[in-house]
Amino acid sequence: MSGRPVRRFVDGLLQGRRIARARPDDVEAQEMKTAIEMRAARTGSDSPREDFVTDLHRRLAEQMGDAPQGESRSSWGPSGTRRQVVIGTGLAAASAATGIVVGRNLLAPPRAPTEASPPAQGVLDPNAGAWHAVGASADLPKGGAMAFDLGSVNGFVHRADAKVEAVSGVCTHQGCKLWLDAPDSRLRCPCHSTSFSLEGETVTHQLPTAPPPLPKFEVREINGVIEVLAPTKPA
Amino acid sequence: MTDASYPDWDAVYRDNVSWVYRLMYSKVGNQPDAEDLTAEVFMTALKPLRVSATVPEVRKYLKMTARTVLASFWRDRMGRQITTIDDDVPDESEREVLESDAPDRVRQVLTTLPERYRRILELRFLQAFSVREAAGQMGVSVANAKVLQHRAIQMAAQMNQEAL
């Protein structure tokens, strides 16, 4: 009959502690295994902490004798070719479904980016820009958001208080198209579970360094129409 | 895409750290150990990795390393393997690696348990209630809840074994 070792094991497990040494028999081992499976089945508790991912990246960089962000200084050959970028994006997309589920079910509070000073948020300023209508004012209630696609650029407009703002709809990490998670007021990247606020700030990410915030568009409302300053169409 | 390779170690890490961590977490059920084991996998695996290894080869290699690392972890802590990483990888894609029937099996086992056993396990394991809170929800004493929890685990473990 199993007893104290399993109780102690389960108490530790439920308190999130490291597994302590024990010498379980067959029955106890089976009970421990069952307890682990049940604990691991708790929704949203299996994403790595961002601090951990960043810290391990730093330790590996030391071991590999590489600069922490030495993507372009690879000892493995040239990088940044189109082929490699495409590979990176494709692989990540394969696991996108998992990332989204985890992101939405997290019981823990979202982890904010740790960088002391994130890159500043720029305003998109095309050489030759024009105002393009992206929707009717009436369709954008206070607190609401909607997507637009002008061909050369795409993004999301939202109404904070009375003012309308717009941000780019392309992830600043590797250029995947963001999707609007309206219930959470988030813009989510399908590639690496990065998420941005509707204002364009980076909210959560699992990358070693936080991607920059989304560039903003200049927006105006004229006669009930929302317009965004975007590049003029090529002739 | 099958013969594509990673540009550098950094790309290997970024692309695989999440699933390796999730895999380890599903095998040990706690964050500090899952983090240590994930770190060990990458510290062990990255250096000897061949430059020309394809993405599926890298994944397979990481998984085999994870398997060895987990096995020696259990030998050290328990003198035997409590959980294992299976070798049957029909397709080394990330999705495949992540897929596990454990959560389904947990749900299935829970439904076959007597009501009070099922309830205490759901409250404690899935919903993260303390013993005191769980006891309150079920209208039993704390001591009673502890006994229920222990018996429920024993029964769930038996059913788990029979299901194999």
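Where does R42(A) lie in chain A? Select R42(A) in the viewer: this residue is in the loop between α2 (26-40) and α3 (50-64) of chain A. Keep in mind throughout that the model is predicted.

**Stop 1: R42(A)**

R42(A) is buried and yet has no salt bridge. A salt bridge needs the nitrogen and the carboxyl oxygen to be within 4 Å. Next show the backbone of R124(B): the side chain of R42(A) reaches the backbone oxygen of R124(B) at 3.2 Å.

**Stop 2: the interface of chain B and chain A**

Colour the two chains separately. How many residues of chain B are in contact with chain A? There are 71 of them, and they are in contact with 69 residues of chain A. The size of an interface is often given as the accessible area lost when the parts come together. Between chain B and chain A, the buried area is about 6,700 Å², and carbon and sulfur atoms give 60% of this area.

Salt bridges between chain B and chain A number 6. Select E35(B) and R49(A) to see one of them: their closest N and O atoms are 2.7 Å apart. Across the interface there are also 20 residue pairs in polar contact, counting residues at pLDDT 80 or more.

Now show the side of chain B that touches chain A. Several helices of chain B give two or more residues to this side, among them α2 (31-45), α3 (55-78) and α8 (142-163). Select α1(B) next, as this helix gives the most, with 14 residues. By class, this side of chain B has 35 nonpolar, 15 polar and 21 charged residues.

**Stop 3: Y117(B)**

Go to helix α6 of chain B and select Y117(B). Is this residue buried or exposed? Y117(B) counts as buried because its relative accessibility is 17%, and the cut-off for buried is under 20%.

**Stop 4: two loop residues with positive phi**

Select A128(B), in the loop between α6 and α7 (131-138) of chain B. A128(B) is not a glycine, yet its phi is positive, at about 65°. With a relative accessible area of 40%, A128(B) is partly exposed.

Finish at N223(A), in the loop between β10 (219-222) and β11 (225-231) of chain A. The phi of N223(A) is near 50°, a positive value in a residue other than glycine. N223(A) counts as exposed because its relative accessibility is 78%.

Notes: Residues numbered from 1 in each chain as written. Chains lettered and ligands numbered in written order. Predicted model: local features only at pLDDT ≥ 70, side-chain atom pairs only at ≥ 80, totals over all residues. Heavy atoms only, no water. Helix = DSSP H or I, 4+ residues; strand = E, 2+ residues; numbered from the N terminus. Buried < 20%, exposed > 50% of the residue type's maximum accessible area, 1.4 Å probe, protein only. Lys, Arg positive; Asp, Glu negative; His and termini not counted. Salt bridge = Lys/Arg side-chain N within 4 Å of Asp/Glu carboxyl O. Polar contact = N/O pair within 3.5 Å; in protein donor to acceptor, adjacent residues only side chain to side chain. Contact = heavy atoms within 4.5 Å. Buried area = accessible area lost by both parts, 1.4 Å probe. Nonpolar A, V, L, I, M, F, W, Y, C, P; charged D, E, K, R; others polar.
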